[in-house]
Structures are given as structure tokens and as C-alpha cells.
Amino acid sequence: MDKFRIEIPEFCLVAMIGGTSSGKTSFANRFFRHTEVLSSDFFRGMVCDDENSQEHSGDAFDLLYYAANKRLDNMKLTVIDATNIQSKAREKIINISREQNVHAAAIVLNLPEDILQERNKLRPERNFPERVIRQHSRDVRRCIKGLKREGFRFVYVINSPEQLENTEIIRTKLWNDKKDMHSPLDIIGDIHGCCDELEMLLDKLGYVRDNGIYSHPQGRKAAFLGDFCDRGNRNADVLRLVMDMVKSGNAIAVPGNHDVKLLKYLRGKNITLSHGIDKTIAEIEAKGDDFKKETAEFIDGLISHYVLDDGKLVISHAGIKQEYIGRGSARVREFCLYGEVTGETDSYGLPVRLDWTADYRGRANVVYGHIAGKEVRAQNGTYCIDTGCVFGGKLTALRYPEKEFVSVDALKQYYEPIKPLEENTDENMGDMLTVGDFNKKLHIETQLMHSIDIHENNAAAALEIMSRFAADPHWLIYLPPTMSPCETSSLDGYLEHPFEAFEYYRSRGIRNVVCEKKHMGSRAVIILCRTPETAMKRFGITDGSRGIIYTRTGRRFFDNPDTENALLGRLDRVMTETGFWNDFNTDWVCLDTELMPWSEKAQGLIRSQYAPTGNAGAESLSHAADMLEKACQRSNNAFEVDKITSGQNVDLNAVLECYRNKQNDIENYIKAYREYCWTVKNIDDYRIAPFHVLACEGRVFSEEKHTWHMETLRKYITGIDPVFMETPYICVDTENRESVDSAAEWWINLTSDGGEGMVVKPETFTARQGFKLLQPAVKCRGREYLRIIYGAEYLEKEHLKRLKSRSLNRKRTLALKEFSLGVESLSRFVKGEPLYRVHECSFGVLAFESEPVDPRL
Amino acid sequence: MLLTITYEGENTQELGFLLHKNPERPQQFELSCGKAYVFYPEVSDKRTTAALLLDIDPIDLARGKTGSRDGGLFDYVNDRPYAATSFMSTAIVRIFGTAMSGRCDKRRELADTPLNLTAEIFSLKDGGDTELAAQMFEPLGYTVSAERTKLDDKFPEWGISPYINLTIKGNVRLSELLNHIYVLIPVFDKQKHYYIDEDEIKKLLGHGEGWLANHPYREKIARRYFDAKKSYARRAIDILLSDGETVSDTDNTESEGEKEIRTPLNALRMETVKNAVLESGAESVIDLGCGECRLTSLLLSEQQIKKVTACDVSVSVLEKAAQRLHLDRMNQYKKNKLNLMQASLTYRDKRFEGHDCACVVEVIEHIETVRIPAFERAVFEFACPKTVIVTTPNREYNANYRNMQENSLRHGDHRFEWTRQEFKSWTEHICEKFGYGCVISGIGENDENLGTPTQMGVFTKNG
């Protein structure tokens, strides 16, 4: 006996229909995963602990429908296991399926009544009266006929236990699912009967005509976005060409609104002969009935949109919203044909459109046509490639996955556009960041760290900082990560020492490291474009500036734009002179630098905290020492502590000694902070030490070793203009005692006069131990310098001992997350991803900076 | 942290009896914040000096073990171990408590007699207020002198030090001197190292007994003493005034221009905006940049207004607003009218949509100029309410604020302030670009030449 086959789409909403005791639950459990089945009994139990309590059905179904919607949101097949005998219950299911744009399927268990009665008797815990079972059976029988009309796309009825036993369920792929199609595509926009241009374009794309059919020698395929006909001069020829390519497997196609209108005509329906369809009709009529029939069947068979290449690409005539992708319903089809319209008409009598691309946040690229513009319009990963060929524009193809555009100009204007072609505006909506993307818990996937979560309260803090202080978000393609110090030193008299930094990497399998001098300034990211036009085109900056210098929290470094301009101008001169722009074939660059003097940015901190502390300390300590000295001189006979019984007695000479040390400490402290302060009188007094070439057009330099960064900076940026200074560095072999010792020596020389210290980095930009990402750098700060971090007296034995216990875990976790986000935002920007995708990463770094971490680390 | 007390006269060694500290025996005391030493640098018939030296542990201070509320109050790099602060006051009570109370069984008469006493307080922070020392101590009969250095000799351009080494000399009883110092040190250095509770009012009044009520700067003293707790200061002042004669308040420390008239102007501004909202016929309002919800609470009590959305970018401000509005016990009806949320005016926000009227009161001047276009689009293009009310300072009027420096702005966070012409041009640009009409008016006293302190634009969507 043949199997009874139930075929349903792999994603749909299934309603089980059957009276009590009809075996719905065991059926569902037999054919579906338990997570796919939402049973009303289960939800009754959930809301009131009693699976049979009819009185709680209302609450139970609320919960059930809620769960069903959540599953459907996530595109999961969902089975509703309830009797569904009442038409009201089925109506609800149909409404959900329409809301969710999925097909509804009904599986009816219409078993003979006597079987049900028997089963019911065997279930004493339920035991419905006989009349209930009878009523159910009757209701089920009666509803079957109307199910299709009610809106169930698929209806299957099981009438006997034998049939039930012999049933199998086949899950079919959705029609729009071409995820397994990976061949390179040439996606071609609205043709409108411009067959000459289409042939030229296919030619240009490398297609060859053989027996009248175009195919590509490298196996590329064409993808047509619909609107094959109307307005142009060779409409029937276009249809012939497209149909031949599709039928021979050399192309795929989605329908356009014009094609659907043509289909109506071919089906004999009344249509208005407007927008150039009259030409098409005239041509088709001349071709005869066979051609008409073939065309009608062809158009009728087209699917409104396709999901291709593992879901990374979607094509449709008029675009598609993220939440419609991969779904099928009349609403989705309408959208794909006509786009999002308000139902109103504008002064030209054309439909008013909503800009769905501004809100598009899907990861799939959507390529579509429908709206003729002068150029391709890209926004948030969507591309409108209708460039108005028939209106005298051009016919454009998007080569996928290359994302290159190839076009041929129209030979003439075939049709006068009703309103001028859409201009590309600088101010499109996608350019506006939307708060819904950021004021919530964020989940960011990066190349370096698979997934990074940002909690809502941190996001709230970042939103505040971004809004109040940050520079134009278009500029913020990178925020530098925080950096952890090395573990505390085991050596006496040192809080930090290079040995621990080397040991961190050595013990994690990193043999070669690079030590770079740490300049005591402020972190500054520099973005420089060759011209303001580049800044506008590449960064969307419209205020006429050509670059920016910003701090690690995304604030403009200089309040005075003249200073910024002057520094950027000097940098440009240097880079032009050294040929950077040509050698790297770029017209912008992003550099990671340290900007000095420290006093320039830390002015407030120095005047309100560092200098006053030194001042108050020096004053009060010197007077205290004076007083102690007087007192000591006065008591001629040295005080003998142990002779005195009171515990309060004290040896003043010891106190004096201690205060002399304190005095010494505060003097060293003052010396230390003074080292990093100088007064800037003009531009020549600034110093900028670049240490990473982060990115330029087409490239993020995170694959290059640090020695490459250092040497590239030497070759192209430092040592010409005194403002741009070199960073001294050495390479160290962490397995070699001599190398490590001499590096420690190098560090001592750097720091003995108050130098800030050095940064130790693995030789590669990113380093891992197994799968684990390692710190991209650890800092090792000088002994004198640390006085301005831990206070003047930190080296006093008692103090140092306590300071040596500190935890770095939190700091290091943050450093890794921020580092991953930084590299990610650069690579997203370089890949041309939309603003919100880049902003998300910088936003994440700022959010992490709001985490409370010991600021001295 | 150092304080010395010098007694000049005959048999000045007696100072030891008054302080209950033997001049021949240097002593050390353990305090919760570190150590204190008492010793005598000078002892003779004619002149005896006692020194109180505090050695505060900077690590404990920074790590939050001592005197810090949440561990983050004090930095490692900190003047606290060195400058004369509330630590000193606490140490005085602890170590010279008996002397402070005026008790001295061995030399009762001496304790009750005004003596020629000098006190030196080192690194006392007056924040550069050169008048303060004289204001505080001269009314109490002291001769005051203060030494001050540059903040840093190497960088004379950084200006003067915020600290003085203060010498006060007078003919007073020792207990009086100690009480004066005890109360007035925290008046100089307002940052207290301990949590202020109600007992502090009693402490102030107790140690101020007999002199504080008649001090011409008593209100300033109370205000600075309770720096963060304004309500305590008010209560202390009330008590002081109730039993002293009325003296006019000569305190002028609030120097920023707007503060002088802030309260009335702010109230007037809110009232004016509220009336403009009502006049527009709006039933739903969004208060963009609501701050502590002054406007929002006015709107909530209007029957015409059915829905108020109040948003601010600062979470801490919103928390304050929620407290101010008593959100936790607001009645359900009113609460249903209100939606309080964090939002940014430079991001597009769907929640802004669907209001009849948007109020942007004293907000745009806090937005960076380069972000103004984003603000414009967020409000006028995307939220697009029928009415938008914008108020912002009129820069020209600043000339009327005596205490404002030329070219300065009214608030540290203001990124700009517009003249009347600048505001007008901006409104015209908005109207043209986004299809609004605008009526400009002023709020506050109208100066014939300079206009009003606040300018208001009421935008109405065309058609």
C-alpha cells in the first residue's frame, strides 16, 4: 500500500484538527519535534496546574498564540495541537499566519466516532460524556469542506486508523529558497524593452550567444529583476531572450509589476493601456498565440523573490523588508512587486513611497530595481540598480559576489519620464542613526571574538556620551581599546617591571615580542582624507572638513579647528612628499597615535589635581619637617622609647626621618608630572607619535606585524616634519635570557628620568593561544612615572606591599573586547558596510568604557 | 596636615596644661585614617608652640577603607593627606577635646582667660578666594595673614595656588580658638571625609555656640559647611537667625550671571512654554531634554494634556526626575499619562513620533554645532509634530549679567549661545527646509537694546 504523503513547506503554521481522543497529540509527537508542537493542554497546565481545566482556556491560548508568534518570528515551523474545531479558533490561526506571512496547513484527524468513544472510555482522567465526543466528530466532518476557503493553503484529512498508520510527512523547501545556489551572478535591473542595451550589457559581461541563447563561459548566471517590457522598442525580443535564458538554466528571474500587468492582459482581464504597455501588447499580438501562451505561463511561474547564497543575497523587483525575506504571502508578493507605498499619490500622480531601506537591518544584501534613478543607490546593504535605461539613462548589472557595477548607456531616450529620475541625495535616511539600534542590550559579532554582549545600562551610558560629547559619528570608524598593565613585579622596589610582561607572552607560547616606547601624551586617532570631497564621498562628512583628530572616547581633540587643520595639513604634506597616497593607492588613512604634550589635553586634570597635590604636599611637608627638626633639636637627650610606659610615646627622630622621605617623594612626584607638561605656543610645539597604520581604502592593516607598522611609519610619516616623531622600539626573544635582560635594561634607561615606560606587543597584530585571543599589548610603566598614578609616596615599603595586590582580570577582558570591536569597526568600514554597522562597534567600545574599572590600571 | 598653636606671654609652657599634652613628651595617636602626632617645636617662658601633625594613609584613603563612601571618592593622587581638611577638625576633637571644652582643672583661671594666641594652618584650601580668610576670622577679632605661592613655579601661567598657609593671631581663650578652627576649616575645604547626617547640625551649632550666630558671614559658613546638603544648611541658618539679630546677607559667592535671577526666570520660562503648548491645542506632548521634569510636571497637571513623553539623554538626570516626580507613588491615572525614557536628540527615534507638540526647552545650546543637523532631522523631519517649541538663551542679554565675563557662556556645558539674529536665521532655515512656520517671542525682562534673556520660537507645521 502506498504511503499517505503529507507535503508541507518546511516553514509553515500547522493546525491539528480533531475532536478529543482523536490522537492529535500522539500524531504530533510522532511527526514533529517536541519543541515544534504547542499543545493547548500544556499551556493550560502552565497557567493553572490543571491540563484539563476548561475555565483557564482563555489564558492558556493567549500564551500559546504568543509562543506561536515568537516561533514564527524566528521562522520556525509551528504546530498548534488543539481541537481547532470551532471556526473561531481556526480563524485565529489563519490571522496569525497572515500576520506572519507564512502558509497555514491543516491536518485533520477525522476518525470514526466509535473509535473515539472507545478511547475516551479508557481515559478515566478525562472521560468526556458521550455526547461531547459525538458533537466533536460531527463538527470535524463538517468543517473539512471549508478549510481551503478559510485560508488553509494545504489541507490533509486522515479518515481511518489504517491511513493514520501509513502516513508520512514530507517537508518541502519554500519556493523562494535558493540558498544552495552559490554561482556568481550578474543581476540586471529593469529592462523595459531595451533589448539592444541588454544584448550589449550581456556582451560586456562576457556572455556568449549560442543558438540564440546567451550563456557565460565561466558558468556565471544572469538574474533579472523584472519589468522586462513596456516603454521600450523591442519588448517581445526581451521576453524571448529572458525566457530562453531562464529555461536553459542560464538565468533566474523575478517578476516586476509591469510583467504582472501583462499577465492580466494575457489572461483576458481589463487593464488600462498606460505606462507603455500598449507597445508591448502590439508586439506580442504580432508574435501569435503560442508566444502569448508561453509568456503567460512564464510570468505565472515566477516567484516574487529569491533567497540565494546561504541567505547572503536576496533579489526582488521592488525590494523586500527584512521581516518578509524567505516568507510567502500575498502581502510579501505585493511588496516585492510594488515596494512600500502609502496608498497616496504625489503631484505627478505617482504613488508615494516609503523608504524601507532606511530601516533595513538585515545581514543579507538586497538587490532590487523598480525605482529609476540616475545612479545605483546603496543603503544599509541594499542596492537599487534601476538606472532608468528606457528613460535615456543606462542599464546596470551588479556583479555578485564582487559587488561591482557594469552598465551600458541607453542608445536613446525611449520614453519621457513623468518625473525626473531620483537624484542620489547626501542626506538619505540611513545616514541618520536610529536609536532603536542602540538603546538596548547589544549583541555584536566580530571576526576576532565570536560574540560580544553589551548590557543595556552600559549602552545607555554610551548613548549619553555619544550624544553629548562625541564628534560626528561618521568619523568614528575606530576607538582604541584600553590596555592592561603587566602583572605586578616580584622584585623589591618595583610595582611593574618588564619581566612580567615578557613572561605573560612567553608562557602563552609567544616567543617574539616587540617593545615600543610609551610616549606620555594622550591617545589620538587621526583620520586624514586627501580632499574634503573624499571626506564627503567616503565618510559622509558634509561640513567641508577633510579629517579629524579625536580622543579615545571619540571627542574632537582640539576645540580650535585651526589647530586641527594645521596639523592635518602638515601630515598631508609629509604623506604626499613620501608618496604614501600613491604607494597605498588610497585617498584616506586612519592612524593610531599618541599626541603630546600631555598637558594639552589633561590641562584640567593637571591644574585641578596634579599640581595642587604637589603644591599642598610640598608646602605642608616642608613645614612639618621644619617643626619636627626644631622639636628634635630641643630635646637634647635623645628620646628613649622603651623607657616610657605609655604606648602613645613616640620617637620624633624616626618621625622626622619619615617626613624627610615624604618630602623627597613629593619632590620626585612634582618632577615626574612636570616632565609631561610644556606650554604650546604654536603648532611646532606639538608632537605626534604614530604607532599603528590602522586602515586605508580597501585595507585594514591588522594582518601586518608590528615591525611592519613601525617601519612603514618611519618610511612614510616620521622624521621629516619634527611634529611627527618616531617611536623607538626593540624586538625581544622571550625565550632568550640575554635578550630579555637587555630589554629590561632598555626599559630602565627609558624610565629612569621619569619616562612613562613601554608597551610590549606580540610580534603579530593579533595573537592567540589555541583559540584564546591574547592581550594585543600590555604596558609596563616606569618607576618614577607611577608616582603620578599611585601617589607620591607609593614606593614606601608599607604602601608598595599593599599596592602589589591588584586584579587585572576585568581590565584584560575589557581590553580584548574593545580590541575586537576596534578591528571589527575598521573592517566593516573598509568593506563599505552601512553607518549603523560601523557605529555599533565604536558604540560598544564606549559602552565598555563606562564599566567601573580601577582607573590606575 | 599640620596645625600649630603658639602662646606668647609669660610662663607660656603652661600651654601644655591647657592642651593636656606634656611639652616634654611627644605623643602619637592612632586615628581611623592614619596617625597623629603632638609635639612642641618651641618651649620657653616667652613663647611655646604646640604642633598637631596628621599622617593620613593615602592608600587606605584611595582604596576606600577610610572616610570614603564608595571607595572612589579619593584618588591616590590627592591633596587630602597634605591639605588641612575635615580630617584636621576630627583630629582636634579627638586629641584636644578637653581643651576645646575649656576644661582645665589644674589651670582653671588660665583656661578662662583670653591669651595671646597664634594659630598656623598649613595648606588650607580657599580655592583662590583671597577674601575668604579675612571674612572668616577678622570678625572674630583675629589679625589674619596668609601666605600663598604659585601653583607651580615652573609654569607661572598656571596661576596662583589654591592653598594658603594661614596665620591668625588674637587675644582669645584657647577653647574659643580651637572651636573657631574646628568649624571653619571645613568651611574652607568643603570636601568632607565622612558622611554628613543630621547630627552635623548639632555639631555645628554646638561648636559655634556664642559666636556663630553673630558672625556676619554665618550664612555663608553654614552653606559651605554643609556644601552638598542644602537642606541642612537652610535648617542651620534658620536656627541661627532665630536667636540672633537680623544681619543682611553679604554673601556674593555665586558669581555666574544667570544664577542671580535663575529661579524666577526658569519658572517664568516653564510657565510661558506651558501656555504655548496649551494654546497650540496639543493633547500629547514630548518634552525633549526634560532635565528634572519641571516642564513635564506642569504639563501633567493640565487637563488638556492626555499624554506626556519626557526624555533626556542622561540616565542620572532621569533618576533624579523620577524622584522629583515621586514616580514610585504617583497615582495610576497620572502615571499612565507619563512616559519617562532615555533618548538622544541626535539619533532618529520612532518613539518621538505621534505627539502633537514637542518642547525643546534650553536644550539645543547643549548640542555640538556639528550635530545640530542631526537634531533638526530627528525632530522636524522624523518626529514631525504639528507644533515644536524651542527656547534658547539670547546671548546679547548676557551683557546684563554683571558677574559674567565677556564672551563667556551662561553654563559650562553650553556649546554656543545665539544672538537674536542667529536664532531668527536658524528658525527661517528650519521653516524652509522642513515646512514649518515660526513665531518668535521673548521670555523674561525685555531690555530695550538687548532683548530678553530667553528667546522662544513656536514652530507650526504647514498645512
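A: Pro401(A) is located in the loop between β21 (394-400) and β22 (404-409) of chain A, and the bond joining Tyr400(A) and Pro401(A) is a cis peptide bond with omega of about 5°. Helices (H or I, at least four residues) and strands (E, at least two) are DSSP runs, numbered from the N terminus. This is a predicted model, in which local features need pLDDT of at least 70 and side-chain atom pairs count only at pLDDT 80 or more, while totals for chains, interfaces and linings use all residues. Residues are numbered from 1 along each chain as its sequence is written, and chains are lettered from A and ligands numbered from 1 in the order in which they are written.

Q: And what joins Met596(A) and Pro597(A)?
A: A cis peptide bond, with omega about 5°. Pro597(A) belongs to the loop between β29 (588-596) and α20 (598-634) of chain A.

Q: Turning to phi, what is the value for Asn211(A)?
A: Phi of Asn211(A) is near 55°, which is positive. Asn211(A) sits in the loop between β10 (208-210) and β11 (213-215) of chain A.

Q: Is Asn211(A) buried or exposed?
A: Asn211(A) is exposed, because 7 other C-beta atoms lie within 10 Å. A residue is exposed at 12 or fewer such atoms, buried at 20 or more, and partly exposed in between, with C-beta atoms placed from the backbone.

Q: What about His370(A), buried or exposed?
A: His370(A) is buried, with 24 other C-beta atoms within 10 Å. His370(A) has a positive phi of about 80° although it is not a glycine, and its loop runs between β18 (365-368) and β19 (377-379) of chain A.
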